[in-house]
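The account starts with a pocket and then turns to the rings.

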Amino acid sequence: MTSDNTTTKPSARAAGGTGEELPGGARRESAVGGVWQALASGPAGFLGSLWPVRAMGYLLAGGVLGLGWLFLAVGLVVVGILLLPTGVGVIALLCVPASAAGLAGLERRRLRWLDPREAPSPHQNGYAPGEDEAGGNAARRALRRLWRRARTPATWVEFGFALPNAVLSVLDLLVVVLGLGLVASQPFALLTVLGGDQVMYGEGIVLTEPVQVLPWLLLTPVFAALACYTFAGLAGMRAALARAALVGPRREKELDARLTEVTASRARLADAFEVERRRIERDLHDGAQQRLTGLIMTLGLAKLDADPALVAKAQDEARAVLAELRDLVHGIQPSVLTDRGLGAALEALAERSPVPVRVDERLGSLRPAEALEIAAYFAASEALTNVAKHSGAAHATVTVRGGRTLTVEVRDDGRGGADPERGTGLTGLADRLAVHGGRLRLSSPPGGPTVVRMELPWADGAQGAGAREDGSTTGLTEPPREGRREIHAAGDC
Amino acid sequence: MRLVIAEDSVLLREGLSQILARFGHEVCAGVGDAPALLEAVAAHAPDCVVTDVRMPPGLRDEGLRAALQLRTEHPALPVLVLSQYVENSYAADLLATGDGVGYLLKDRVGEVAEFIEALERVAAGGTAIDPEVVRRLLAPDREPAELRRLTAREREVLAAMAEGRSNGGIARALVVSEAAVVKHVRSILTKLDLPPAPDDHRRVLAVLAYLRHPDRSPATAADPAPAPARTPRHPA
C-alpha cells in the first residue's frame, strides 16, 4: 500500500493512508446525518444509496400506521359511545387518546430510519407520587394508567397530531403508488406491445412495435430519479413534521412539570429532615441527657454518703444511658449496614421486628452504592414498621434483588387497605426513593396481602468495587476494612 | 424548708427529691408541667420553688414562663430555675424580677453541697447565677477592655460575685479570708467604676449588666428596678 505511493513525505503518506478510507467514511457519515444530508450529497451519492428505498419504506409504513390508527380510533369511539351506558364505553373512549400516544411512540421510533437524532418521549416516565402507587386489581390499575395518560397534555398534542396525520397518510400512500406506477409504466408498455397489444400515448400516438417503445424506455430512469427525490423529500418533510409535533419544544414544558414535582418533593424532604432533626433533638433531650443528669445527681449523693447501693444505682443509670444512645445512633445509621451491607442489616431489622420476618436477599458479593443501601434500608424499615403497626399480619417477607435495579419488596399477609393518601409515611418513603431516581409501588387491596415494592436504579458501591479490585491486584490499594473483607469473602464462596 | 418542684422527667424529679430530703428539706409537691406548678404553689404556699424550663405541654420554655408569672404574683417567693441549656436571656429575664432568683444548669445538682448552698441562698433572698452564664459573659472575644486591669484573683472574685455569692461565700469558694474578699471587691468596683452595692443581688445586677453592656452607665445598671439589658420576652 505504501511502496507504490507517489508521494514521498512520510507524513503525507500517512495522511494518504487514512485518506483512502475517507470516501467510505464520508458515505457512512451521510447515512448518519439523515435523509436531508443524503439529498444534499449530490445525485450520484443519493441515487446510488439505499435512501430512496428507506424513504419509500418510511412513507408506506407511515401510511399503513396512520390509516390503521384512524380505523382503530373510529372503532373505539363508536364502541365507546354505544357502550357508554354500561360503563365499558368509558374505557374504550379513554383508549382513544392512549392509542394516539401509542401511535406517537411508534412514530418517534420510526424517526430513526431517517433521522439519527434522539427522539425522546415528552411523557414523564419518572416517579409520579400517588399515581404510581397503584392499589386494587389489574383492571383498576390499567384504568388508572389510561386515566393518567388522558390527563397528560402531551397525550392530547399527540392526538392532535394523529388526526391530520391520518389524512396525510393517505396522500403518502398515493404518492408512493403514483411514483412506483410512473417508474413501472414504460417497462409495462414494452411488455404490452410484446404481448401483441397496442399502446396509446395521448392523441394520435399509437405504438404497435417494440422498437417504437424503446425510445420511450429512456424515460424510465428519469421517472425513477424523480420518484426517488419525491419520496425522499416527502419522507423528510413528514419526519420533520412528526419531530416538531411529537418531540419538539413541549418537552421543556414536561420538564417544567417534572421540575415542579421535584421542587415539591424536595420541600417535603426538607420538612422530613426537619422533623427528623427535631426527633433526634427530642430523643437526646428526653433520653440520654435526662439520664446523664440523673446519673450525676446519684453520683453526687453517692459522693456524700459513700453508699454502695447508690453507686450500684449510678452504674445502672450509666448502662441505661449507653443503651439509649446505642438505640439512637442505630436509628441514625446502623453500623451493620455500613459494615456488612443491606442483607445483614435487614436480617438485624427482621430480628427486632415484633412480626416474624423472613429475609430473602440474593445480592451475593454485589454491593450497591452506600446512598442506595441507606435509602433501601430505611424504606424497608419504614415498611416493616407499617407492617407491625397497621397490618395485623402474622408474617412478612423482605425480598432483595440486584441487577439493573435494586429491588426491595416487603410483603405481608395482613389485612391490606393501605392508602398513601392517608398517611404521610408512604409519600415520605416515595420521596426518599425518588431522590435516587427510584420509585415505590404499593399494592394493598382490602383483605390483603400488602406488597410494597421499592425500586432503585442500581449504582455500584465504590467500596464494593474497591474491595473486588483488592482481590485481584497486588494490594497496592488500601486494604479493606474487616467487615467489608468478610462480605466479599462470603460472596466469593 | 418546704418546696414545690416541677420537672417532667420522673427520674430527675425523684433524684432531686432524694437530694433535698437528704438535707432535711420537705418536698410538698413534685409536679410534671407548668399549670400543675402554678396550682401546687397556690395549694401549698411553699418557701421556695425549683422548676425545669422545658416542660409539657409545649416542651418549650413553659417552666420559665411559669417562674416569671410566679415572681410577678408572689414577688417574695424565691424561684430557682434549672435548665438543660444555658441561655443568658433566661437569666436576664429572671434577674429582672428582683432578688430571690436562681438560674442553674441541671448538672450543678450533682455538686450536691454547692447546689444546696445555692438553693438556700436563693431561698434566703439571694441570687444564684450559673457559672456558665458568667463564663460566657467573660468570654475573651466580648470582654470589656477594662477587665484587663483586673488581676487574676480579682477576676475570680468578679466571677463569683456575678454568680451571686456573698462575700462569705466567695471566701469559702476561693479559700481566702473574708477580709481579703472585701478588699478585692472594693478594688474591682473601683477599677470598673461601679458604685458599691447595698446588697448582693444589686451587686449581681450591676456586675452582669456591666458584663453584658460595658458601655452602659453603671448607675442605671444598679438601679433598684433595673430595666434588663433586653426587654423580657415574657411580660407577666
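The model is predicted. In chain A, domain 2 (270-332) and domain 3 (340-492) each contribute at least three residues to the lining of the largest pocket. The space in this pocket comes to about 1100 Å³. Its lining is made up of 31 residues, and those nearest the centre are A:Ala272, A:Glu276, A:Phe378, A:Glu382 and A:Arg432.

Which helices supply at least two residues each to this lining? They are helix 11 (250-305), helix 12 (308-332), helix 15 (370-391) and helix 16 (424-434) of chain A. Helix 11 of chain A gives the most, with 10 residues. Sorted by class, the lining of the largest pocket holds 13 nonpolar, 8 polar and 10 charged residues.

The aromatic rings come next. A pair of aromatic rings is described by the distance of the centres and the angle of the planes. Over all chains, the count is 6 aromatic pairs. One of these joins A:Phe46 and A:Tyr229, with 4.8 Å from centre to centre and 40° between the planes, and it is tilted. What parts of chain A does this pair tie together? A:Phe46 belongs to helix 4 (residues 43-47) and A:Tyr229 to helix 10 (residues 219-246), so the pair ties together parts of chain A that are 183 residues apart in sequence. A:Phe46 counts as buried because its relative accessibility is 0%, under the 20% limit for that class. A:Tyr229 has a relative accessibility of 30% and therefore counts as partly exposed.

A:Trp69 and A:Phe159 form an edge-to-face pair, with 6.1 Å centre to centre and 75° between the planes. The angle is over 60 degrees, which is why the pair counts as edge-to-face. Here A:Trp69 comes from helix 5 (residues 51-82) of chain A and A:Phe159 from helix 8 (residues 153-194) of chain A, so this pair ties together parts that are 90 residues apart in sequence. A:Trp69 has a relative accessible area of 4% and is therefore buried. Ring pairs also bring in A:Trp156, so that A:Trp69, A:Trp156 and A:Phe159 are linked into a cluster.

Rings also take part in contacts with charged groups. In chain A, the charged end of A:Arg110 sits over the ring of A:Tyr58, at 4.1 Å from the ring centre. In chain B, the ring of B:Phe23 has the charged end of B:Arg22 over it, 5.4 Å from its centre.

How values were computed
Residues numbered from 1 in each chain as written. Chains lettered and ligands numbered in written order. Predicted model: local features only at pLDDT ≥ 70, side-chain atom pairs only at ≥ 80, totals over all residues. Heavy atoms only, no water. Phe/Tyr/Trp six-rings, centres within 6.5 Å; stacked < 30°, edge-to-face > 60°. Helix = DSSP H or I, 4+ residues; strand = E, 2+ residues; numbered from the N terminus. Buried < 20%, exposed > 50% of the residue type's maximum accessible area, 1.4 Å probe, protein only. Lys NZ or Arg CZ within 6 Å of the ring centre and 35° of its normal. 1 Å grid on protein atoms, 1.4 Å probe; cavity = no way out; pocket = protein on both sides within 12 Å on 5 of 7 lines; lining within 4 Å. Points joined across faces, edges and corners; volume = space filled by probe spheres on them. Nonpolar A, V, L, I, M, F, W, Y, C, P; charged D, E, K, R; others polar. Domains from an automatic or database assignment.
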